[in-house]
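Subject: Structure handover

Hello,

Here is the structure you are taking over, followed by what was found in it. Please keep it open while you read.

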Amino acid sequence: MAHLTGDQLKAAFKRDGAGTARILQKSLQEFGYPISLEYTIKEMDRLVAGGDPKGGPSMFLSGWLKDGTD
């Protein structure tokens with residue numbers, strides 16, 4: 001995944017939620033999380049709206065939204 005700031009990631013998700021979520025899902029699957037695209041979309045929606053992370057993959061998503069990606 002290319003480097004993006006948290007704000008760039010939020011903007012990308014707002015522009016193309018499914019496409020951005022698909023990229024994030026694949027990254028999380030590489031870390032060993034067997035998550036679905038539907039989970040990733042719902043969790044990103046919740047986090048972008050200001051929700052708190054709920055462990056595991058949600059912590060990664062929250063961190064990427066805050067600090068950006070590497």
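Is the crossing of helix 2 and helix 3 left-handed or right-handed? The crossing of helix 2 and helix 3 is right-handed. A crossing is called left-handed if the near helix is turned anticlockwise from the far one by less than a right angle, and right-handed if clockwise. Helices here are DSSP runs of H or I with at least four residues, numbered from the N terminus.

First, some notes on how to read the values. This is a predicted model, in which local features need pLDDT of at least 70 and side-chain atom pairs count only at pLDDT 80 or more, while totals for chains, interfaces and linings use all residues. Residues are numbered from 1 along each chain as its sequence is written, and side-chain values use heavy atoms, with hydrogens and water left out.

Helix 2 and helix 3

Two packed helices are described by the angle between their axes and the distance between the axes. The axes of helix 2 and helix 3 come within 9 Å and cross at roughly 110°. Axes are lines fitted to C-alpha atoms, for helices over the stretch in contact, and angles run from 0 to 180 degrees between N-to-C directions. Helix 2 and helix 3 are therefore roughly perpendicular to each other (under 35 degrees counts as roughly parallel, over 145 as roughly antiparallel, 65 to 115 as roughly perpendicular and the rest as oblique).

In helix 2, G17, A18, A21, R22, L24 and Q25 meet L37, T40, I41 and M44 of helix 3; contact means heavy atoms within 4.5 Å. The residues of this contact divide into six nonpolar, three polar and one charged. For that count, Ala, Val, Leu, Ile, Met, Phe, Trp, Tyr, Cys and Pro are nonpolar, Asp, Glu, Lys and Arg are charged, and the others, Gly among them, are polar.

Q25 is in helix 2, and its relative accessibility is 11%, so Q25 counts as buried (under 20% relative accessible area, with exposed over 50% and partly exposed in between, for a 1.4 Å probe and protein chains only). Not counting residues up to four places away in sequence, Q25 touches I35, S36, L37 and T40.

Helix 1 and helix 2

The axes of helix 1 and helix 2 come within 5 Å and cross at roughly 125°. This pair is therefore oblique. L9, A12, F13 and R15 of helix 1 make the contact with G17, T20, A21 and L24 of helix 2.

L9 lies in helix 1 and counts as buried because its relative accessibility is 2%. L9 and L65 are 56 residues apart along the chain, and their C-alpha atoms are separated by 6.4 Å.

Helix 3 and helix 4

The axes of helix 3 and helix 4 come within 10 Å and cross at roughly 50°, which means that helix 3 is oblique to helix 4. Helix 3 passes helix 4 in a right-handed crossing.

The core

Which residues make up the largest nonpolar core? The 12 residues are L9, F13, A21, L24, L28, I35, L37, M44, L47, L61, W64 and L65. A nonpolar core is a set of buried Ala, Val, Leu, Ile, Met, Phe, Trp, Tyr and Cys residues joined through side-chain atoms within 4.5 Å.

Regards

How values were computed: Helix = DSSP H or I, 4+ residues; strand = E, 2+ residues; numbered from the N terminus.
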